[in-house]
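Open the model in your viewer and get your selection tool ready. We'll hop from one stop to the next.

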Amino acid sequence: MKIGEKYYRSIWFEDSEPGIISVIDQEKLPFFFEIKKLQSVDDIYAAIKDMTVRGAPAIGVAGAYGMYLSTLEIGTHTNIREHLKNAAEYLISARPTAVNLGWAVNKVLDKLSDKTDRQSVSESALSAAKEVCENEVENCRKIGINGLSLIEKISNNKEGEPVNILTHCNAGWLACVDYGTALAPVFAAQEKGIPVHVWIDETRPRNQGARLTTYELANCGIPYSLVTDNTGGHLMQHGLVDIVIVGSDRTTRRGDVANKIGTYLKALAAFDNSIPFYVAQPSSSIDFSISDGLSEIQIEERDPEEISMVSGFAEDKIMSVRICPENSRSVNYGFDITPARLISGLITEKGICKASEKDISKMFLEKFN
Ligand code: MRU
């Protein structure tokens with residue numbers, strides 16, 4: 001994505017800086033645009049955990065590069081197999097819900113199984129991580145093209161009136177290295193000159209919508225309105241939403257979706273108002289090994305302080321303020337499960353399919369053996 005005149009990804013490696021993975025610090029946006037240089041497995045783990053890097057595809061790519069950095073920490077007496085296995089487990093433990101993290105880390109690990117010396121391990125890890133990254137970017141580009149057809153159809157019916165799209169959290173290029181998942185079709189529509197307007201849920205408690213989705217859309221000149229997380233139902237009842245598009249952190253083989261907390265309530269409201277509710281995700285976000293989202297997906301619980309404190313920008317710096325009595329108890333579930341029956345369809349790199357095992361297995365036949 002271009003920021004000003006420069007093209008950026010949210011995470012990248014440069015041959016001129018071996019041993020360094022660069023990321024846009026998502027903790028600082030939209031107030032400061034800062035690049036962080038990650039140089040060790042610990043750095044990558046911390047960046048994923050504290051959400052310097054966030055969004056399912058982006059944390060997968062970060063994990064893949066983390067495996068590369070782990071190979072640079074191999075010493076003369078290191079047991080290479082054990083070292084890599086420990087690094088993989090450590091990286092995957094940074095965040096539990098998004099399947100992309102484990103998928104990407106294991107993808108790199110698998111490519112190293114027959115390598116025995118540090119140099120070949122390291123070279124293979126780097127090339128595997130680059131491959132994971134490029135595939136994710138390409139898949140998100142395709143999601144944009146496939147999802148565009150939905151927006152185009154609504155636009156034709158509205159005879160040029162802007163298509164009102166509601167989205168939750170940030171599922172744009174920052175969350176996905178480039179293009180995005182839920183926002184990829186929105187960027188594609190803008191590029192094609194289709195008028196759109198996006199309702200952005202602020203996405204408490206971390207405010208990814210308020211901070212990041214606004215930043216991405218403003219950067220491209222896409223009209224948007226920021227709303228509180230509770231507003232979606234009201235908008236839908238009044239005919240102000242044409243389609244809901246969200247991302248996914250883990251979609252099961254039968255189409256249940258784990259996504260940012262609050263997604264389920266939007267799906268319920270959309271269902272009650274007969275508004276199409278689509279989930280956009282690359283196949284790396286589909287966990288083909290599980291069926292039932294409610295019982296089989298681990299929901300991340302984060303620091304309760306993210307609820308009791310709100311961070312924002314004042315006096316030229318980012319600061320936090322408390323919004324409840326001191327020592328109030330709070331509980332911070334990061335994600336919820338939207339059952340397949342509430343989902344109109346899944347937008348993937350291969351096309352759009354119903355959120356059902358039958359249709360997902362037709363689209364990803366190779367994963368169902
Ligand atoms: O906790 P986050 O900000 O990493 O959660 C991200 C989301 O829930 C996104 O919607 C998701 O990763 C899907 S696509 C980027």
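Start with the open sheet: seven strands in the order β8-β7-β6-β9-β12-β17-β18, with mixed pairing. Strands here are DSSP E runs of at least two residues, helices are H or I runs of at least four, and both are numbered from the N terminus; two strands pair if DSSP finds at least two bridges between them. Now pick β8 (224–227) and β18 (351–353): they stand at the edges with a single partner strand each, so one side of each has no neighbour in the sheet.

A word on what you're looking at: this is a predicted model, where local features need pLDDT of at least 70 and side-chain atom pairs count only at pLDDT 80 or more, while totals for chains, interfaces and linings use all residues. Residues are numbered from 1 along each chain as its sequence is written, and side-chain values use heavy atoms, leaving out hydrogens and water.

Next, select 243–246 and 277–280. These are β9 and β12, which pair in the parallel sense over three bridges. Click V246 and you'll find its bridge partner, V279, in β12.

Now colour 2–135 and 146–367 separately: they are domain 1 and domain 2, with bounds from an automatic or database domain assignment. Their centres, taken over C-alpha atoms, are 25 Å apart.

Which side chains meet in a salt bridge? Zoom in on E27 and R206, at 2.5 Å, N to O. (A salt bridge puts a side-chain nitrogen of Lys or Arg within 4 Å of a carboxyl oxygen of Asp or Glu.) Between domain 1 and domain 2, the count is two salt bridges.
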